[in-house]
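Here's a quick briefing to read alongside the model. Have the sequence and the 3D view open and look for each spot as you go.

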Amino acid sequence: MIQAAERRLLILAPIGKDAALMDAALRREGVACAVCATFESLTGEIERGAAALLVAEEALLAHDERLARIVEAQPRWSDLPILLLTRQGANSAVVSRALETLGNVTLLERPVRASALASAVRSALRARERQYQTRTHLEEREQADRRKNEFLAMLAHELRNPLAPIRNSVHLMRLASPGGNDGQMWEMLDRQVEQMVRLVDDLMEVSRITRGTIELRKRPSDLAAIIRAAVETSGPLIEAARHQLTLALPPEPLVVDADETRLAQVFSNLLNNAARYTDPGGRISIGARRADADALISVADNGIGIRAETLPQVFELFMQGEGGDGRGKTGLGIGLTLARNLVEMHGGSIAAASGGVGAGSEFTVRLPLARTKAAARAVRPQVEPQRGAPPRVLVVDDNRDAADSLGALLRMLGAEVKVVHDGQAALDAFGAFRPAVMFLDLGMPGIDGYEVARRIRGRSDAGGTSLIALTGWGQEKDRQLSRAAGFKHHLVKPVDLAAMQAVLASVDR
């Protein structure tokens, strides 16, 4: 229902002998009246809310030239129904300008009949009711979206914290027994942790896209290199299920204007889905070809297929596929939504096809080719194993499991490590330990990581220390805050061993 304030009819004087008739008609409609002597007083009343404005033609005469400026300065004029009392043929130029300026105008010819006025007011009330319901719905939806995004960000943070010591421990065990009998078990654990990390990352990506905060860093890129990067990412999942993968790339370079990381993420999601929804030992193919001014990329499998009634909804958020052999629904239903949004942000489109249950699936991505004729090479940074860690590393994290496991991993890499669990302890240890590198959690109670970093940066003896944020918070605003606090790198938990080694290798000794 509309608010009580919006059951008022504003009247801009003069209305003369029509006043008594109007008052009686409006009382029957349950509408109160507020008479305004000037446009200035009227605009203040509009901000309080109203069902409609009743204005006599002659009341516009003194304000005709200022009307457009007044309306432009008051946004709520735009959706306010206007009832304009006029006599046929009188001051037609003023009426025409009013119709053009105000927009939502109903003409009531004088002498006005009570029934006509009551009908116009009822229509205005219905219009305001619809506007109110629409506004309320939009506000509720925006509030729900805000709560959802806040929940996803908090969920991702909370999930990253326990994943960090798990991944650190897996790295420790693999380093402790390289090539041993337990190698396959550590690889299996590592794959499962990686899968959990991908799910958390997908949650955050969807949240960023729905908020419109994701940015693409495009450049002319060789599509073949992007696809190979995706195959490399999805390789462990495909190999674990003993699938046969066929890669078909054209001899000519297909250059697209792309954010290479995001586009590789699209193809990796499609390959992961194909591996997940194909029974062990299945066949998966990915290929690309030119189609006029576009590139067509196809990811196909001989897996469980998609039901005809499900096919139109496969790209909807949280839409889950049916697993084969009665496995039920699997996954979070995020990967395909993310793929579609990222493809569309690249100016392309994505489509799904399937012959039905048991007939496999095919996803086709269409991307516009870059207009440049020069072939581009998508260069993926190669992480070389680090042969020596910085001699002194201070690890600071209130999550003891995460801190202690990271400390143990760094010691195995050859570093001299000290581990503390709060901000004050980090400040106390800094002077005596004089670390070359600090891995510093951000969200600690008491003195948080940002404040620790600011205080250390204020010391005269801190010039040789590289501060590295190690946190479950990975949104762009968090990275901006860490940069402003003096951090050199911002790593999101759980950190992959190769990524950590790459950061350590880049630290100035």
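E139, E140, E142 and D145 come together on the surface as a patch of negative charge. A patch takes in residues with over 30% relative accessible area and no salt bridge, joining like charges within 9 Å and nonpolar side chains (Val, Leu, Ile, Met, Phe, Trp, Tyr) within 5 Å. This is a predicted model: local features need pLDDT of at least 70, side-chain atom pairs count only at pLDDT 80 or more, and totals for chains, interfaces and linings use all residues. Residues are numbered from 1 along each chain as its sequence is written, and side-chain values use heavy atoms, leaving out hydrogens and water.

**More on the negative patch**

- Asp and Glu count as negative and Lys and Arg as positive, while His and the chain ends are not counted.
- Each charge is placed at NZ of Lys, CZ of Arg, CG of Asp or CD of Glu.
- D145 sits in helix α6, which covers residues 114-176; helices (H or I, at least four residues) and strands (E, at least two) are DSSP runs numbered from the N terminus.
- With a relative accessible area of 35%, D145 is partly exposed; buried means under 20%, exposed over 50%, and partly exposed in between, using a 1.4 Å probe and protein chains only.

**Salt bridges**

- How many salt bridges does a search of the whole structure find? It turns up ten, counting a side-chain nitrogen of Lys or Arg within 4 Å of a carboxyl oxygen of Asp or Glu.
- One of them pairs E252 with R290, whose closest N and O atoms are 3.3 Å apart. E252 is in the loop between β7 (244-248) and β8 (255-258) and R290 is in strand β9 (residues 283-291), so this pair ties together parts 38 residues apart in sequence.
- Both ends of that pair are partly exposed: E252 has a relative accessible area of 36%, and R290 comes in at 40%.
- E451 and R454 also form a salt bridge, with 3.4 Å between the closest N and O atoms. They are three residues apart in helix α13 (residues 449-457), which puts about one helical turn between them.
- E451 is partly exposed at 27%, and R454 is partly exposed at 44%.
- R459 bridges to D461, with the closest N and O atoms 3.0 Å apart. R459 is partly exposed at 31% relative accessibility, and D461 is partly exposed at 25%.
- D397, D441 and K493 are linked in a salt-bridge network.

- Most residues other than glycine have a negative phi, and most peptide bonds are trans.
- K493 turns up again here: a cis peptide bond joins K493 and P494, with omega about -10 degrees. P494 is in the loop between β19 (489-492) and α15 (497-506).
- R242 isn't a glycine, yet its phi is positive, near 60 degrees. You'll find R242 in the loop between α8 (223-240) and β7, where it counts as exposed at 58% relative accessibility.
- D292 is not a glycine either, and it has a positive phi of about 60 degrees. D292 lies in the loop between β9 and β10 (294-301) and is exposed, at 73%.

**The whole chain**

- The protein chain has 15 helices and 19 strands.
- Of its 509 residues, 49% count as buried.
- Among contacts (heavy atoms within 4.5 Å) with a separation of 6 or more, 72% are between residues 24 or more positions apart.
- The accessible surface of the chain is about 25,300 Å², and 51% of that belongs to carbon and sulfur atoms. Accessible areas come from the Shrake-Rupley method with a 1.4 Å probe, and for residues only the protein chains shown count as cover.
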